[in-house]
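Please look through the sequence and the structure first.

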Amino acid sequence: MIDLVKSLISKLPRPVDEWARLIYDFVPPSVRYGKAYVAALTLLRESETWGPSEFAEYQRRLLSKLIHHCAENVPYYRELFREHGIRPDDVKTADDLERIPFLTKEIVRKRKEDLLAVNIPARRRLTVRTSGSTGTPLEFAIDRATRAMERALAVRHLKWLGWKKGDVVAEIRAATFSDSGRTYRYFPASRQVVFDFTALDDEKLQRVVETLHAFRPKYIRALPWSVFLLARWMERNNKAAPPVRYVITASENLRPAMKEHVERVFKVPVIDHYGQNEQVAYAFQCAYGIGYHVQREMSIVELIRTSDGNSEIVGTCLHNYAMPFLRYRTGDFALSRDELCPCGRTGPTLASINGREVDVIVTPEGRLIAPGPLDFAFYRLPEIKEAQIIQEDVSGILVKVAAWDRLSEQTRAALARDLAALLKSDRLEVRIEEVEEISRTPGGKKLFLVSHLKLDHYSMGL
Ligand SMILES: [Zn+2]
């Protein structure tokens, strides 16, 4: 059941190979992730009762060990500490972290090799490739121990929401199955129903709703936009909602209007889950669905004021020894929340989290396409620095591409080919334009998709 969190926390870089997955699914997580997973589950059970001093002591102990590791084994940090006169013993507590300069995506991109710990064997590393929501590709490594902790945190989050072994969980996302006519696949070992929520039309949405009624999942895990669209379609077509306990969203901004709409149609709370591939900051809403409880077992989370008055989420993962990220700037923004959560859990909570923007592309055929999977057309091409898709009207999209140097004809052709394969539309016009740089929003974010369409008018008459 551990894998049920996989897609929402780390986007899969390619279509799901569901056959391999069906078999892999039967391997228990304690075998898959090893001792680290068992240890993480034990720790998370114990830490439920910890107070502030226990958390401070836990973080102090892990931080101190990590900083010494960085100073001894990570070339980038050896150099950085020397340049800034930082001795490992100077950084003991979360407050001491201030002495260390931020780590940015740009630095990770340029100094990737120097960020790898020389004493950690390659088999302990997992390579992660992402373009996030910005269209700027990024590749880095995480420690298997970090992945184990992430899985354990996700299990605990479900337990907060009353999950018990055997409960069916539906996942609604842009999965692509090898058999393209397929709407869903059921994974019996993890009791998951995974839906391919791409290329939607009335017939497919009807099948999704019928399947949800047939499997009666207790939880629906989804990207906000997908469950929002589903809710709108159900309401429009007078379809009864399946009797789920919670809808859990992750990976994108959960806009208030979306939350309200989904809650109205499904008649259950929407619970949001924040994390990122770099695994430096996790914060989950509990069953009350108010604040986001910062997961202090994973990392030290700081909120850093930016010049425009926002607070950026900056995180230090305490478990990634393979490629330590100290004070990593996530590019996501949040406000801290002062009131105590009614659930009684102490510790820091965040109010709304912003920065994970997303929208959908609409084709002339009336299909809705999430931009997420399109990322992959960009990051496979090393000449491309960043990209942005703009949709002015339903007839086509403009793809702005900034190259590290210059965009070659070969890359341009490869991009056009890959996008056509992913968009699967004969009528959508795709124009590629090379630009110097991708413009930012007033808040400093680069959006991967800018849509000027009013979704209400184009959503298959939703
Ligand atoms: Zn709470």
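The points below cover a metal site, a helix, a loop residue and a sheet.

This is a predicted model, in which local features need pLDDT of at least 70, side-chain atom pairs count only at pLDDT 80 or more, and totals for chains, interfaces and linings use all residues. Residues are numbered from 1 along each chain as its sequence is written, and side-chain values use heavy atoms, with hydrogens and water left out.

**Zinc site**

- The zinc ion has the protein donors Cys286 (SG), His293 (NE2), Cys341 (SG) and Cys343 (SG), at 2.1 to 2.3 Å; donors are N, O and S atoms within 2.8 Å of the metal (3.2 Å for Na, K and Ca).
- The site is tetrahedral, with angles of 105 to 116 degrees among the 4 donor atoms; for four donors this term requires all angles to lie between 85 and 135 degrees.
- For four tetrahedral donors the ideal angle is 109.5 degrees.
- Along the chain, the donors of the zinc ion follow the spacing C-x6-H-x47-C-x1-C.
- Cys286, in the loop between strands S9 (283-285) and S10 (292-294), and Cys343, in the loop between strands S13 (328-337) and S14 (349-354), are 57 residues apart and link distant parts of the chain. Helices (H or I, at least four residues) and strands (E, at least two) are DSSP runs, numbered from the N terminus.
- Cys286 is buried at 0% relative accessible area, whereas Cys343 is partly exposed at 25%. Buried means under 20%, exposed over 50%, and partly exposed in between (1.4 Å probe, protein chains only).

**Helix H11**

- Of the 13 residues of H11, 11 are buried, so this helix is largely enclosed by the rest of the structure.
- Among the buried residues of H11 are Trp225, Phe228, Arg232 and Trp233.
- Asn238, which follows H11, has a positive phi near 55 degrees.

**Gln279**

- Gln279 sits in the loop between strand S8 (270-274) and S9, and is buried with a relative accessible area of 1%.
- Leaving aside neighbours within four places in sequence, Gln279 is in contact (heavy atoms within 4.5 Å) with Ile142, Thr146, Arg147, Glu150, Met298 and Cys317.

**Four-stranded sheet**

- An open sheet of 4 strands runs in the order S19-S18-S17-S20, with mixed pairing; two strands pair if DSSP finds at least two bridges between them.
- S19 (429-434) and S20 (449-451) are the edge strands, each with a single partner strand, so one side of each lacks a neighbour in the sheet.
- S18 (residues 396-403) pairs with S19 in the parallel sense over 6 bridges, and Leu398 has Arg431 in S19 as its bridge partner.

Key:
Tetrahedral: all angles 85-135°; square planar, octahedral: opposite > 155°, others 65-115°.
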